Amino acid sequence: MLFIMEFLIFKGTESGSLSLMLLSNLESVPGHVISRQIDVVYGSTVRSKHVGRDLLAGLKNIVGGELTAYTELLEESRQEAMNRMIEKARQMGANAIVGIRFSTSNIAQGASELFVYGTAVVVEPNVPKLPDPFPSAG
Amino acid sequence: MDNLIFQFVVFALLFSVGFGFGRYYERKHLKELAEQEVRLAHIVLDTHRFTTSEFEGQLISSNVVISHDYFKYVIANIQNILGGRLVSYESIVERARREAVVRLKREAEKIGATQIMGLRLSTTELGMQGGMVEVFAYGTAIKKP
């Protein structure tokens, strides 16, 4: 029992480490300095809607308003594309991805591709320089 | 002839349902947006790429899909023949964009950020005949301690 729990805790930290990747769509990560640039990484996923959702969307097309089912579908698809990108960056030994851009395209009827790309880099925390405690020592 | 009358009745029904519900939803949405925008006005937005900050930041994103109603669809088809501004569709895109920005600000509020840097908006058209528009917004939220 304890063994299983230990395993679960280990698993938890494993998936938790995914969020340790620093992400930014700026040219740098705020609060950090880029020390090494590695490569461009990207992730993509192609998704299609299913019939039930499409039927509901057809009804919504008459009355108007937000399509919550589609909003959720696209959100989780983008998350998957991003997870793939993060996994690639991790394999290259990066700890941050900067300059992230998203793009979406309709490649076929009812199917869309969600694409995300960025630059994998190694960053260090921007530690403010402490004042010299002995200014007149030299 | 009967068939023609039936088709006309269906069309008139959809047209009026679209008009009624579409107007109701649009007014409700615009009212909600105005309230939310006032409430979240303290979160500062910018679109600069090269700005940076000494505080911690993280990527946040939000999206929204908004559909047209049958009334707008018919009006847009008529306007399409004449050309010019499609006022009925302009309001859909505008509502979607405002909603996406409001949601992005709400995401920032959730993690305790007060500023969003490098905002990007992208718009995609979904669906076969169009009319469904997706707006995706993303940016870097800055957490000031």
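1. Two strands count as paired if DSSP finds at least two bridges between them. Keep that in mind for β3(A) and β2(B), which pair in the antiparallel sense over 2 bridges. One of the residue pairs here puts Glu66(A) opposite Ile66(B) in β2(B). Gly65(A) has a partner there too, namely Ser67(B). One caution before going on: this is a predicted model.

2. What is the order of its strands? The 5 strands run β3(A)-β2(B)-β4(B)-β3(B)-β1(B), and they form an open sheet with mixed pairing. At the edges you'll find β3 (64–66) of chain A and β1 (44–45) of chain B, each of which pairs on one side only.

3. Take a look at the chain B strands inside that sheet. β2(B) and β4(B) are antiparallel and share 12 bridges; Val65(B), for example, sits opposite Glu134(B) in β4(B). β4 (residues 132–143) of chain B is also antiparallel to β3 (residues 115–126) of chain B, with 10 bridges joining them. Within that set of strands, Glu125(B) has Val133(B) in β4(B) as its bridge partner. Is β2(B) mostly covered or mostly exposed? Mostly covered: 12 of its 14 residues are buried.

4. A helix from chain A goes over this sheet. Helix α3 (residues 68–91) of chain A lies across β3 of chain A as well as β2 (56–69), β3 and β4 of chain B. Its direction makes an angle of about 145° with β2(B).

5. So how do the two chains meet overall? On the chain A side, 29 residues are in contact with 40 residues of chain B. At least two of the chain A residues come from each of α2 (51–63), β3, α3 and β4 (96–108). Which element gives the largest share of that side? That would be α2(A), with 5 residues. Sorted by class, the chain A side has 12 nonpolar, 13 polar and 4 charged residues.

6. Chain A on its own is worth a quick tour. You can count 3 helices and 5 strands in chain A, and along the sequence they follow the pattern α-β-β-α-β-α-β-β. Of the 138 residues in chain A, 27% are buried. Among contacts in chain A with a separation of 6 or more, 78% are between residues 24 or more positions apart.

7. Next, the nonpolar interior. In soluble globular proteins, nonpolar side chains tend to be buried together. Here the largest nonpolar core has 48 residues, and the ones touching the most other members are Met85(A), Ala96(A), Ile97(A), Val65(B) and Ala100(B). As for Ala96(A), leaving out residues up to four places away in sequence, its contacts are Met21(A), Leu22(A), Val29(A), His32(A), Val121(A) and Val123(A).

8. Last, a helix pair in chain B. The axes of α1 (residues 2–39) and α2 (residues 70–82) of chain B come within 6 Å and cross at roughly 110°. Angles from 65 to 115 degrees count as roughly perpendicular, so α1(B) and α2(B) are roughly perpendicular to each other. From α1(B), the residues involved are Leu14(B), Phe15(B), Val17(B), Gly18(B), Phe19(B) and Gly22(B), which meet Tyr70(B), Phe71(B), Lys72(B) and Val74(B) in α2(B). By class, this contact has 7 nonpolar, 2 polar and 1 charged residues.

Technical notes:
Residues are numbered from 1 along each chain as its sequence is written. Chains are lettered from A and ligands numbered from 1 in the order in which they are written. This is a predicted model: local features need pLDDT of at least 70, side-chain atom pairs count only at pLDDT 80 or more; totals for chains, interfaces and linings use all residues. Helices (H or I, at least four residues) and strands (E, at least two) are DSSP runs, numbered from the N terminus. Two residues are in contact if their C-beta atoms, placed from the backbone, lie within 7 Å. Axes are lines fitted to C-alpha atoms, for helices over the stretch in contact, and angles run from 0 to 180 degrees between N-to-C directions. Ala, Val, Leu, Ile, Met, Phe, Trp, Tyr, Cys and Pro count as nonpolar, Asp, Glu, Lys and Arg as charged, and the others, Gly among them, as polar. A residue is buried if 20 or more other C-beta atoms lie within 10 Å of its own, exposed if 12 or fewer, and partly exposed in between; C-beta atoms are placed from the backbone. A nonpolar core is a set of buried Ala, Val, Leu, Ile, Met, Phe, Trp, Tyr and Cys residues joined through C-beta atoms within 7 Å. Angles under 35 degrees count as roughly parallel, over 145 as roughly antiparallel, 65 to 115 as roughly perpendicular and the rest as oblique.
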